[in-house]
Amino acid sequence: MTFWDKMQKVDRRILYVILVVFVCTGLFIPVKIPVEPDPSSKDFYATVMAIPEGSTVLVQTDWTNSTRGESMGHFENLMRLLMSQKLKFVFYSAADPVAPQVARTVITRINAERKAEGLYVYQVGKDYLDLGYFANAEATNTNMGTDLRQAWANRTSKVPEGGEVDIFKTDVLKDIRKIGDCKMMVVVTASASIDIAIQRLANKVPITAMVTGVTGPGVLPFYQSGQVKGIAIGLKGVYDTEYLMANGINISNGDERPKVTWAKTSSVDKVAEGKTFARGNQYYGTLHVALVLLILAVILGNVGMFMSRRATRKGGE
Amino acid sequence: MNNTIFLLAQNTENFWRKLPGQGLVIWVVIGLLLGIALLFAFTQVPSNLRRWIIVGFTFLAGLPYVLAYLWPKPIGADLQNDVPRNLSEQIGFTINQAIDPVGKITNVLQAFLLGVGIFSLVRVHITKVRRKSENWGFSTVLLVCFALMTTVGFMDWRQRKFMDDNGLLNEPSNWGFFQYANDLMFEGMYQQMDSAMFSMIAFFILSAAYRAFRIRSVEATVMMASALILMLNLMGALTYAWGTGIESLVVQTGNPFFMNFKLNVMADWLRSTMQIPAIRAIDFGVFLGALAMGLRLWLGLEKGGVSS
């Protein structure tokens with residue numbers, strides 16, 4: 001048996017150990033890597049940053065911890081962005097009963113982070129609303145597009161002063177009569193719930209998305225057609241957003257040339273307060289390691305196959 | 001003025017909506033009695049007629065959505081705030097108003113299905129434990145975890161909802177037994193196991209990349225080359241270094257053509273010229289099929305499910 005034959009039959013547990021060792025090592029070494037953010041990420045960032053302070057944004061959060069490697073980074077970035085821009089938001093899920101609780105945990109953590117940094121802490125009923133889970137995405141999105149006040153009628157929220165009030169009497173929704181009054185809808189998802197939202201609401205409110213690497217390619221046709229204003233895709237999208245939050249677009253520091261340039265827009269500021277590099281920065285190095293391993297695995301597997309075949313042919317002759 | 005019209009429109013009662021203080025309780029009671037009577041009547045329907053009841057309700061449930069698209073309405077009509085001027089517009093407004101209650105009924109039905117699922121799950125596993133069937137120990141674990149999670153989750157929700165007007169329980173320092181128990185079970189165990197399950201895919205992907213991704217044909221070679229460019233583009237460090245090299249080459253040679261060989265440019269081209277049109281073509285076919293299937297289901301032409 002030649003070396004290449006042995007390589008072809010390598011125990012898969014050895015591959016698993018290599019993966020665990022390399023990927024885990026990468027997690028402990030966060031490195032700020034210079035990137036060229038994807039155009040879809042730049043569009044996402046520019047769209048959020050263009051929303052006037054105090055406006056209301058809809059956040060449909062349809063992810064759970066099964067995809068937290070990507071989706072949690074997306075959601076944390078979104079919260080940091082909205083809070084730094086002083087935007088109000090309403091969050092709900094139309095895809096998974098567990099999703100609202102996962103989102104609540106993240107908001108609590110981001111609020112604790114802001115408190116530690118001496119920044120304003122977002123309060124439920126005043127700065128954001130938690131509407132929980134809606135059991136049927138198709139009907140929920142259709143109803144929201146038809147008549148938002150009817151779709152969310154009779155729902156109440158706690159307010160900082162104590163007690164509960166109708167959500168349409170809170171600061172978040174008091175000026176919202178129809179879905180078009182919200183400046184943007186962001187769908188954070190790892191599933192096809194983004195498709196349903198686009199099909200039912202794209203002509204009523206500007207939609208942006210933060211999706212996993214697997215879901216991303218399915219949303220790109222909607223981005224190309226302009227039905228989605230911007231998308232952050234996968235872990236690269238998480239890091240892109242953090243990089244844009246830290247550097248802005250076409251913003252130069254003194255004599256340095258801008259770290260992110262884009263011909264489509266004049267300039268978009270970096271975020272004024274709070275953390276920028278976070279989970280994306282922590283995981284991005286690991287993504288490099290994992291991809292290198294994957295590419296090496298494909299190359300080695302194929303080289304092994306060719307060499308093994310050649311050896312067999314030579315043996316036959 | 002606009003605000004006044006809006007408020008008037010919001011407070012206007014319609015066929016689908018009764019406001020509090022206007023006999024709402026009577027309508028609720030009538031609705032409840034009607035529902036009970038209907039359910040009882042359905043149980044008495046002969047089995048050969050049941051199919052038609054399902055077909056009829058499916059048709060009625062889909063009708064407002066179809067009519068809302070097809071029924072003519074004035075250009076730029078604001079169906080929430082405008083007042084209908086004639087019978088045709090009145091019908092259009094009523095159809096539009098029907099979408100909300102129909103949607104809410106489907107939401108309730110979907111939530112009801114969750115309940116049916118839980119009932120079925122518990123019944124199956126209780127039976128397994130009672131009969132001590134194969135792996136009944138796992139069923140016991142499931143039932144104990146189910147009962148614990150439900151109890152702890154419900155008690156936590158109850159305390160947060162009804163006994164915490166000022167949101168003190170949002171601060172972990174104010175937590176009691178049920179908040180800690182819920183946090184341990186939901187965040188500490190369930191969520192972590194969920195992540196662990198999903199992360200196992202990485203091992204299968206690596207194993208498959210090494211053992212199964214073989215270049216045996218031209219198509220496989222093209223696919224691998226495309227995948228390689230897209231994967232390399234995900235690596236910011238490499239893209240940046242490669243791009244800087246290409247930019248220097250362009251400066252040295254004065255030939256901007258080389259810019260086409262930047263990794264992100266090649267990846268963008270692959271995505272926008274190859275990947276997106278292909279996905280769009282597949283989506284087009286899928287949605288045509290979905291439309292045909294939707295029509296068959298709505299019109300009761302689909303035999304499976306309804307008749308079986």
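Colleague: In chain B, is the crossing of α5(B) and α6(B) left-handed or right-handed?
Modeller: The crossing of α5(B) and α6(B) is left-handed (the near helix is turned anticlockwise from the far one by less than a right angle; helices are DSSP runs of H or I, at least four residues, numbered from the N terminus). This is a predicted model, where local features need pLDDT of at least 70, side-chain atom pairs count only at pLDDT 80 or more, and totals for chains, interfaces and linings use all residues. Residues are numbered from 1 along each chain as its sequence is written, chains are lettered from A and ligands numbered from 1 in written order, and side-chain values use heavy atoms, leaving out hydrogens and water.

Colleague: OK, and which residues of α5(B) and α6(B) meet?
Modeller: On the α5(B) side they include C145(B), L148(B), M149(B) and V152(B), and among their partners in α6(B) are F178(B), A181(B), M185(B) and F186(B) (contact means heavy atoms within 4.5 Å). The contact residues split into 9 nonpolar, 4 polar and 2 charged.

Colleague: Switching to chain A, what are its domains?
Modeller: Domain 1 of chain A covers 1-32 + 281-317, and domain 2 covers 35-276 (bounds from an automatic or database assignment). The C-alpha centres of domain 1 and domain 2 of chain A are 38 Å apart. Each of these two domains of chain A puts 6 residues into the contact.

Colleague: How much area do domain 1 and domain 2 of chain A bury between them?
Modeller: About 560 Å², with 71% of it on carbon and sulfur atoms (accessible area, 1.4 Å probe, lost on being put together, summed over both parts).

Colleague: And which three residues supply 81% of what domain 1 of chain A buries there?
Modeller: N281(A), Y283(A) and Y284(A), more than any other three residues.

Technical notes:
Helices (H or I, at least four residues) and strands (E, at least two) are DSSP runs, numbered from the N terminus. Ala, Val, Leu, Ile, Met, Phe, Trp, Tyr, Cys and Pro count as nonpolar, Asp, Glu, Lys and Arg as charged, and the others, Gly among them, as polar. Buried area is the accessible area (1.4 Å probe) that two parts lose on being put together, summed over both.
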